[in-house]
Amino acid sequence: MSRPATPRPGLRDVAPYHSPQLDVVARLNTNECPYPLPDGFVEELTARVRATSLNRYPDGQMTELREALAASVGHPVEGAWAANGANEIITELLLAYGGPGRRAVVFEPTYLLHSRLSWLTRTEVVSLRLASPWILASHDVAAAVDAGPDVVFVCSPNNPTGNAQPVEVVAALAADTDALVIVDEAYVEFGGRTSLPLIADHPNVVVVRTLSKAFALAGARIGYALAAPEVVEDLERVRLPYHLSALSQAAGIAALHHAPAAKGILDRIRAERDRIVRELRAMSGLTVHDSDANFVLFVPERPAATVWSELLERGVLVRDLSAVVPNALRVTAGTEHEVDLFLKSLEEVLSG
């Protein structure tokens with residue numbers, strides 16, 4: 001009888017990456033958009049799906065979607081690329097610019113997947129720690145350059161801390177290194193300045209975004225890159241054939257056609273985010289951080305795990321990010337009703 005196959009060394013030492021999806025009244029742990037796009041989007045998507053020949057492979061070049069993405073931000077279509085979520089974009093970038101014998105720099109605390117995807121592609125990771133309020137400065141640029149990277153990650157607004165990074169510092173970083181500077185802008189529509197204009201003078205900058213948050217399309221899994229054309233050419237060399245389904249492409253095109261409706265939703269989300277910050281600061285026993293994203297990071301005086309579980313008992317699911325920021329919890333700005341329930345529940349937990 002054959003023995004079980006042996007995986008790559010170290011694989012089973014790493015736990016699977018999960019974000020809980022529990023059936024609760026207020027699921028505020030994954031930074032999704034709490035509102036769907038309007039009926040007009042659904043009608044257009046339905047028509048597009050009906051016109052799609054699912055017995056045929058999708059457009060491997062994603063031509064119409066890339067044209068729509070490029071037009072939406074004023075970037076050349078030759079420098080636009082799409083994939084199954086921003087995480088696949090990052091994986092493709094690491095396959096092209098990272099890999100064995102190459103090095104990525106991350107500024108901690110930040111998005112966990114930057115390091116995890118680097119490990120997955122066998123890219124060495126150098127972690128540089130930022131102090132609160134986690135704003136990049138010139139000495140951080142110098143430390144990153146001294147590390148001799150091939151890839152540098154900058155998350156702006158940063159997940160999970162919520163703060164945006166100065167574009168001028170990103171420009172200095174790009175100027176001081178030949179490394180690919182990946183600016184993860186998954187939350188840029190909620191606040192902060194974009195690094196997109198830097199690409200014209202710094203072709204080693206690539207901006208990564210998603211339709212999951214600001215365009216209420218988390219279920220379609222569409223991420224995209226805005227870069228110099230030669231970077232997109234490199235991504236084409238490592239991508240899987242027909243990697244973005246015809247259904248996802250149809251959803252992305254339809255969502256971009258309804259951008260004005262999505263922008264209206266953004267105002268509602270920002271208002272709830274700001275309300276969360278304001279109300280949490282009025283409570284005792286919390287440290288609350290400003291946010292340019294659609295979530296708020298806060299640190300209770302009580303153990304975060306206890307606060308998390310007591311909120312869950314009340315039907316509110318937030319994210320425990322103690323492994324990233326000590327004793328920290330992160331809450332997504334949901335609907336007005338969801339935020340009401342969160343605030344009421346947290347006040348009960350803290351006073352209990």
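Student: How many bridges join strand 3 to strand 5?
Tutor: This is a predicted model. Strand 5 covers residues 151–155 and runs parallel to strand 3. One of the contacts sets alanine 104 against its bridge partner valine 151 in strand 5. The number of bridges joining strand 3 to strand 5 is two.

Student: How many bridges join strand 3 to strand 4, and do they run parallel or antiparallel?
Tutor: Look at glutamate 108, which stands opposite arginine 129 in strand 4. Bridges between strand 3 and strand 4 number six, and the strands run parallel.

Student: Which hand does the β-α-β unit of strand 3, helix 4 and strand 4 have?
Tutor: Strand 3 spans 103–108 and helix 4 spans 112–120. Strand 4 spans 124–129. The β-α-β unit that strand 3, helix 4 and strand 4 make is right-handed.

Student: How many of the residues of strand 3 are buried?
Tutor: Buried means under 20% relative accessible area. Strand 3 has six residues and is mostly covered. The buried count is five.

Student: Which residue does a cis peptide bond join to glutamate 108?
Tutor: Most peptide bonds are trans. Here omega is about 0°, and the bond is cis.

Student: Arginine 221 has a positive phi. Is arginine 221 buried, partly exposed or exposed?
Tutor: Most residues other than glycine have a negative phi. Arginine 221 has a phi of about 55° and lies in the loop between strand 7 (205–210) and strand 8 (223–226). Buried is under 20% and exposed is over 50%. Arginine 221 has 35% relative accessibility, so it counts as partly exposed.

Student: Which loop holds tyrosine 242?
Tutor: Phi of tyrosine 242 is also positive, near 50°. Its relative accessible area is 42%, so tyrosine 242 is partly exposed. Tyrosine 242 sits in the loop between helix 7 (229–238) and helix 8 (246–257).

Notes: Residues numbered from 1 in each chain as written. Predicted model: local features only at pLDDT ≥ 70, side-chain atom pairs only at ≥ 80, totals over all residues. Heavy atoms only, no water. Helix = DSSP H or I, 4+ residues; strand = E, 2+ residues; numbered from the N terminus. Buried < 20%, exposed > 50% of the residue type's maximum accessible area, 1.4 Å probe, protein only. Pairing = 2+ DSSP bridges. Right-handed = clockwise from strand over helix to strand, strands pointing away.
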